Amino acid sequence: MTVILEAFHLTRTYPLGATTVEALRGVSLSVEAGEFVALMGPSGSGKSTLLQVLGGLDRPTSGEVTLEGKDLGSLSDDEATRLRRDRTGFVFQSFNLIPLLDVVENVALPFTIAGGDPTRGELADRIRDVIELVDLTGKEHHKPDQLSAGEQQRVAVARALVTRPALLFADEPTGNLDYTTGTEILDALKRSCVERGQTIVLVTHDAKAAAYADRVMVVGDGQIRETIELGRRDTHEATPLIARLAQLGL
Amino acid sequence: MSLTRLAWRSLRARTLRSLLSGLGVALGVAVLFAGLATNAGIDSSVNSTVRDLVGRADLRVAAFGEHGLTPETVRAIKETPGVEVIAPALQRRIYLGPDIDAGQALPPPVTVLGIDPVAEPQLHDLHLIAGSLLREPTEPSALISEQLANEDGLTVGAPITMQGTGDRVTYRVIGILAGEGPLNGAFGRIVVVPLQTAQAVFGDDAVTRVDIGVTAGTDVGTVSDALVARLVTQPYVLSTPQDIAATLRNSTADFQATTALIAAIALFAGAFLIFNTLSMTVVEQVRDVGLLRAAGATRRQVTRFMLSQALVLGVFGSLLGVGLGVLLAAGMVAYVRTIGSVTLQRPAIPPDAAVPAVLVGIGGTRAAALEPARRAGRIQPVEALKARLDLPSARRARLRWLVGVFVIVTIVGLIAAPRGAGVVQALVVYAVLLVGTLCIPLILPAVARLAGIPFRVILRFEERLARSAMVRDPSRSTLTLGALTIGLAMIVALGGVGQHARAAAGAWIADVVPGELILSSIRPVAPDEGVEADLRAAVPSIARISPIATFDVALEGARTDAAAVVGADLAADGRLRFTAGDRASALAAIDAGGATIVPAGLADRLGLAVGQTLTVPTDSGTPLDLRVVGIVERSIPGSGGEAMLVGWKDATSLGVAGADAFAIRFASGAPASARDELRAVATTYALDYVTLDRIKGAIDDAFGRIFGLFDALAAVAVLIAALGIVNTLTMNVIERVREIGILRAAGMTRRQVWRSVVVEAGILGLAGALLGVILGLIVGGLMVVLAGGRIDVATGIPWQIVGLSIMLGIAVAMLAAAYPARLASRLPIVRAVRFE
Ligand SMILES: Nc1ncnc2c1ncn2[C@@H]1O[C@H](COP(=O)(O)OP(=O)(O)OP(=O)(O)O)[C@@H](O)[C@H]1O
Ligand SMILES: [Mg+2]
């Protein structure tokens, strides 16, 4: 298996008045191609910060991130942006969509930004394909405010996947959704992982969501406290994970 | 901490934007203040001019024409019951010399004022700054104006030489009078001598005017009636100081009305800015305000908190504005110098103009803040917890507010504006601007699409984003676009009016002068002097010399301009455009006598038609009948308006002593040197050689001055609009922080984000420019029509100004985008996508 994402000794501090907040204090990890990894932990533990640093949205105070063998720290802002556009996808907790654009246009955004014409050819096929993957066929021309919260989040997933990124980062994509709707999103993510070998890094504080992953890293106080190997399974039964976490006193 | 302190801190947290808004208020107040101060300065100049002109006189009898008031008339005035003092004076223009050199340009003439050294000081104060006053009725002494002393390097004791009808005489300067001296319209070059000596020099026993002081306790009206009953032998004008003041004020009314209009527009643009800024502050501070409310602040406290912010901005802006206004007013006065027939002596800045300006500035800011402040008060504590807020109600409120502000500014304008004919014009212009601005939300998407076309070609995606950002909040875009549109519309409109005025004046000259150049004289050149024959002898290639004289006649009790012309010359030169009457027979008729050709303006005013007869009083006492034989589009300009044309035969019976000017036409194929020869010969006859181009140049210059000033004021409105664009774009960026974050996360580069904001500005600028040009052309056309002009669509469009305005609009908007675009492109993605 090839390692697609690696991090070494990441720290990230935020200045806060006269003092500083240490959001990350020395995180090292690696993610293999096709893996579905979950980052779990209590609020304020540094999960979002870690995800943003890994995805190149933010820069670490110290340490190194390598994505597909490229050191993110050595890239200019434009290069990092291009890498982000072509090789990664992001899904956030909410407000992932541009309200003025319809479903297809939102999904096509990365192509449009790159200056392509997403209305024809291969790009159009890809867009149709991901919309089908997230089960939104028939709603292509709805505007975000005409969609349910779950549907909006699925559009966000589709957009994150449309470029066939090496890595998909999702920060609490189900945080704003009820259980069933949340399950739809997680199912879509899992499908892309199983059917297409998509690598996924998911941030969640919910064990039921983390149970979809192959591996769960428990973040606490800016560090990785524990790594739980669940392995690739057909179910996403959460009980074994919850039992392990209880065992570890988390 | 008190709410005011909190308000202050909240403004400080947004220093740049607070400064921009403060500056917007300041510019609005500055233009208002400068307008008020200039108008007050004009008023005080009018008053001091009136004081100088009539002094303590209760009545003035002025002569018509060159003959002046005869000694009999003066005696009749003196003997009228109730007349206590009379101060007769004679006024003539001459060249000072020892000698006028052939071939050299003539020096500017001076105006000689002959006064009665005893009677004059009883009615007029002569402000000496050096030397002493005249004492003896025949002494060979002169007082000169300070300006003449400075321009010609004359001091007390210096000799001055004057060439009258007889021998050259030399007087000694014994005193210098302050400033431009006691006469209006003499360009400040004045020589005051005893009346009797002046009469001797000019070989004339008449006077130009008689100022009258009535016996204490006598009713001026009664004396005036008695004078009318007695003065029957020759035409005259009887006026009171109030009449003279009214005439002078009239000549400045248009200027004052336009200044007031532009000031109102600048203030209006400033109010747009304040309103937008405070709306933004509300949006940004929703959470703060929600928390304040959650912590127990009442609605009123929150409203007060917002109003305090406005107050700080208003006070800061207004005070700064008055400072800027002082500079602006001084600049305006120095730049324009003369308005109508009033000379602005000094940048008269009365301190009391500051009070209304500051009040309007603070009040306007507060009024603009009311609606956003009330909106802030309505924020619920729970909204502090919401991540996004929808402001559809705010949008409707904003447009209601727009109408409200227009109405308020109109009312304030009506109260503050100078009375007079200009007000109607200003109101109509204002109404058109209001309707135009109110239409913007309806046509916004279409205009944005149109204005987006040039950007779409190269930056498709950015253009799409930019346009959707604009359309998302139509009322905010309307306010922003509205301010820019009316600013640019004013520039285009004034440009159109200016071009029309210039073209009309230029056409005027070319239309009525039967020749290619003019030799003008400061004194009437009588036919028996033989000047024409001498000129012909000296320059044989002259084809035609056509004498022209302008004078006044009393027509239906009003002073009316008249000109003596040679009809045959006009016919031969193809001049004058007739709107009624037959050209050939009309021009022949005026040469024959008993006929007149009147300008269309006069015909309209008096309801004249071809075939009617006008009766005009003459010096000899027998009135002269003149049949209207033609009506022309434009006629020769007189001192107050276009002149009615008569032949020389009638002019002579109306008391015209000679020609004021000669229109010259050279024979075709005349050598180039002929013109130089003529110039040299003309100088020896004290004739000023003036080409038609020079006249047009002088007219252009005068118009350029006034309209340049108006344009500068309108440009301030555009500047304020630019500040509004900065605000709106910033607000669009702030409201779209999350959207921009997502775009950046999805791979949009900084440069692309930057471009999308700049393109948004470009679309705003171009849309504002397009709307501004259309609205401006309409307004300009209206202003011309309301002023009694006619528009010619083919030549009336000021293309240069239109082009400039479009470029100005786009450039100003793009520049305004610098800060918000930077802000947007530098936005840290993590902050944008952070869920709070
Ligand atoms: N911009 C910032 N400035 C200061 N401190 C910050 C900033 N962003 C994050 N932090 C701090 O860093 C720490 C980690 O924050 P982070 O958002 O990564 O936590 P999280 O695990 O994602 O929490 P949650 O589950 O609530 O989303 C927190 O203590 C937070 O207060
Ligand atoms: Mg988080």
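Two strands are taken to pair if DSSP finds at least two bridges between them. Helices (H or I, at least four residues) and strands (E, at least two) are DSSP runs, numbered from the N terminus. The model is predicted, so that local features need pLDDT of at least 70 and side-chain atom pairs count only at pLDDT 80 or more, while totals for chains, interfaces and linings use all residues. Residues are numbered from 1 along each chain as its sequence is written, chains are lettered from A and ligands numbered from 1 in the order in which they are written, and side-chain values use heavy atoms, with hydrogens and water left out.

Val65(A) in β4(A) stands opposite Ala7(A).

An open sheet of 6 strands, with mixed pairing, is also found in chain A, in the order β6-β7-β8-β3-β9-β10. Strands β6 (88-91) and β10 (223-229) of chain A are the edge strands, each pairing on one side only. From one strand to the next, the twist averages 20 degrees. The pairing of β7 (residues 167-171) with β8 (residues 199-204), both of chain A, is parallel and extends over 5 bridges. Asp171(A) has Val203(A), in β8(A), as its bridge partner.

Axes are lines fitted to C-alpha atoms, for helices over the stretch in contact, and angles run from 0 to 180 degrees between N-to-C directions.

Ligand 1 lies between chains A and B. Of the 13 residues around ligand 1 (those with a heavy atom within 4 Å of it), Ser43(A), Gly44(A), Lys47(A), Ser48(A) and Thr49(A) come nearest. Polar contacts are pairs of N or O atoms within 3.5 Å. An N or O atom in the side chain of Ser43(A) is 2.5 Å from an oxygen atom of ligand 1. For Ser48(A), the corresponding distance from a side-chain N or O atom to an oxygen atom of ligand 1 is 2.7 Å, and for a polar side-chain atom of Lys47(A) the distance to an oxygen atom of ligand 1 is 2.8 Å. On its own, ligand 1 has 630 Å² of accessible area (Shrake-Rupley method, 1.4 Å probe), of which the protein covers 70%. Two or more residues of the shell come from each of β2 (19-32) and α1 (47-55) of chain A, and α1(A) gives the most, with 3 residues.

In chain B, strand β2 (residues 83-94) runs antiparallel to strand β10 (residues 209-214), and 6 bridges join them. Ala89(B) has Arg209(B), in β10(B), as its bridge partner. Strand β2(B) is also joined by 6 bridges to strand β4 (residues 110-115) of chain B, again antiparallel. There, the bridge partner of Arg92(B) is Val112(B) in β4(B).

Technical notes:
A polar contact is a pair of N or O atoms within 3.5 Å; within protein, one must be able to donate a hydrogen and the other to accept it, and residues adjacent in sequence count only if both atoms are side-chain atoms.
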